[in-house]
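Dear colleague,

I am handing over the structure below, together with a short account of what was found in it. Please keep the structure open while reading.

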Amino acid sequence: MPLAQPATPARLRFAVLGPLTGEADGRPLALGPLKQRLVLAVLLSRANTAVPVDLLTDAVWPEEPPRTARKNLQVYICTLRTLLGRGDGPDRLVHSAAGYLLRVAEPELDLLRFRALARAGRAAADGGALAPAARLLRQALDLWQGPPLADLRRSPAVEAEAGRLEARCLGVHEDWAETELELGNPGAVAEDLAELAERHPLRERLQAARMNALHLSGRQAEALAVYDTHRQLLARELGLEPSPALTARYRELLARGRSLPTAARPERGAGPNGAALLPADTADFTGRTDELCCLVDELGEGGGRVAVLSGPAGCGKTALAVHAGHLLADRFPDGRVLVRLRTEDGTARPLPEVLAELAVLTGRPGAAPAAPVGAVRLAPAQGPDHSSDHAPGPGDTARAAALWRASLAGRRLLLILDDAPGEAVVRELLPGFGPSAVLVTSRSQLAGLASVRRVAVPPLAPTEALDLLGRIVGTGRTGADRAAAARIVAACGLLPLAVRVAGTRLAVLRHLPLAEYAARLEDPAGALDELVAGDVTVRARLDSGWHDLTDRGRLALARLAALPLALLFTLPEAAAALGRPERLALRTLEALTDTGAVTSPTGEVTAHAALYALPRLTHLHARERAVEAVRAPVPT
């Protein structure tokens with residue numbers, strides 16, 4: 001009897017650029033009940049990327065998830081695994097500590113094909129191959145079958161995902177229009193953009209393309225009317241004027257008539273807004289390959305994308321954000337800007353002060369360039385005669401924030417918000433729409449922000465930490481006593497800040513043997529005293545993180561510091577150290593985990609089976625603070 005042949009895996013195709021649909025070997029797939037389709041929609045919109053469980057939960061239960069939410073979610077995942085099939089390769093739908101990841105190949109998902117065609121089209125345009133570029137961009141646009149995920153947008157989380165997809169489509173539409181104009185095809189552009197420009201009247205790049213298309217088609221009056229309508233809308237709704245670039249183009253239309261050059265694409269990096277207002281990149285930046293790939297992929301698409309880098313003080317969040325900002329230079333022609341949301345002593349900066357700085361840095365219309373940081377000068381409400389310096393009230397601050405958000409609508413700018421103390425100030429600075437992107441660094445995971453990509457910044461891998469130390473003190477010195485160098489980076493908790501401070505200290509103290517310095521760092525009583533280089537101290541960063549905690553958090557961390565150094569502990573052990581019932585101890589551990597003070601190195605398990613840890617330097621610092629904090633009872 002002949003052996004049975006294994007079944008050939010079904011050829012799957014999914015679509016999210018319109019209603020959610022699926023096919024297997026050309027036959028429609030039954031995608032299940034609403035909640036299951038919501039899960040699938042979010043997984044497909046972030047295909048090949050781990051989607052946090054919290055985001056999936058928010059998509060299915062946007063208001064109050066039931067107690068059985070996690071179990072129900074696992075049922076939907078299990079059913080989807082069966083629906084997707086396994087085939088001969090690895091599982092399509094896998095789970096990790098970061099969430100659920102759905103593996104999909106480019107031919108299987110219209111969104112991936114759209115991205116690939118758009119990237120190819122932009123690359124062709126940048127290389128001067130305009131005709132192939134226009135063809136590729138048009139093919140990308142033709143994949144759209146209507147509003148994305150139109151049947152599932154009652155879920156706010158899915159609505160946010162769909163909004164980002166639409167923003168990407170608008171960007172590609174603008175690329176296509178500008179390419180066709182450079183090819184001398186204004187008629188097709190004018191007709192194609194008519195409805196789109198009316199639906200998105202605040203997108204300046206779209207309006208500029210339509211203006212040029214109408215003008216080059218001989219429809220001069222209509223081209224001028226586009227500008228005038230846009231100007232009036234900005235003034236009425238936002239109190240803004242069109243950008244200098246669009247105004248200059250309008251004046252050219254008036255002055256030069258039909259002879260206006262066809263080029264509509266702004267020169268990259270031109271003007272004050274094209275500058276990179278970032279700190280210098282770290283010359284010896286080391287590691288973080290996975291995190292960088294994630295950020296470049298997430299933020300490079302623009303379209304209102306927001307990513308949050310979270311981790312404890314000293315883990316290298318700012319250095320990673322700045323490095324990513326430099327890598328993304330070609331994706332953000334209107335500039336890359338970093339603004340710090342805390343002062344040097346760790347105090348949160350007032351929102352009006354941050355808005356004033358951003359207005360000056362980005363040249364937003366109505367900004368007061370001479371205003372010192374800390375004294376906000378807002379644009380007057382009714383003409384120049386009413387202008388005066390004043391302490392901003394709530395209304396002024398809300399208006400300034402609205403003007404800031406509106407100023408991003410037509411720009412492709414990368415904004416880095418460094419060391420965010422909480423969600424409130426970040427919310428006020430996020431663009432509501434448009435091609436800009438935002439990268440936030442924070443010790444907390446900022447759980448109150450919805451529809452953002454969260455990227456945890458862990459300690460360096462041991463080999464990366466050794467590499468960093470070697471770059472600072474010299475590879476010859478670390479290579480001569482690699483065991484001692486390994487002890488040093490381990491005693492630094494593999495934190496980039498601590499490794500950098502230790503390396504700088506060793507670079508100054510050339511006579512100090514690595515083994516002797518390792519012994520000093522391994523002594524719990526003196527480790528933090530050794531991590532000082534000039535005016536940079538690890539203790540100061542840890543102090544800032546300590547003061548960020550609530551009174552309850554500080555007391556709890558002080559009590560946990562009595563646990564053995566560098567050993568994992570369980571929930572029952574934490575409850576005993578805290579003197580609290582396990583259910584209350586679990587809440588405390590979860591709150592401390594959100595701040596980075598406690599870590600959980602294991603994957604998704606039950607609360608009783610989970611293992612927890614205090615990072616070494618946080619543990620030592622909490623022991624110092626325990627003397628003043630542990631006498632008070634932990635509040636109930």
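Please note that this is a predicted model. I begin with helix α7, which covers residues 186–199 and therefore has 14 residues by the numbering used here. From its first C-alpha to its last, α7 reaches 20 Å, close to the 20 Å expected at 1.5 Å a residue.

The next point concerns S45, a residue of helix α1 (residues 34–45). Is S45 buried or exposed? S45 counts as buried because its relative accessibility is 2%, and the cut-off for buried is under 20%. Leaving aside residues up to four places away in sequence, S45 touches L111, R115 and E161. With E161 there is also a polar contact, made between the two side chains at 3.3 Å.

Finally, I turn to the strands. Strand β1 (residues 12–15) and strand β2 (residues 21–24) run antiparallel and are joined by four bridges. Within this pairing, L12 stands opposite A24 in β2. The two strands form a hairpin with five residues between them. In that hairpin, G18 takes a positive phi near 145 degrees.

Yours sincerely

Note on methods
Residues numbered from 1 in each chain as written. Predicted model: local features only at pLDDT ≥ 70, side-chain atom pairs only at ≥ 80, totals over all residues. Heavy atoms only, no water. Expected span 1.5 Å × (residues − 1). Buried < 20%, exposed > 50% of the residue type's maximum accessible area, 1.4 Å probe, protein only. Polar contact = N/O pair within 3.5 Å; in protein donor to acceptor, adjacent residues only side chain to side chain. Contact = heavy atoms within 4.5 Å. Pairing = 2+ DSSP bridges.
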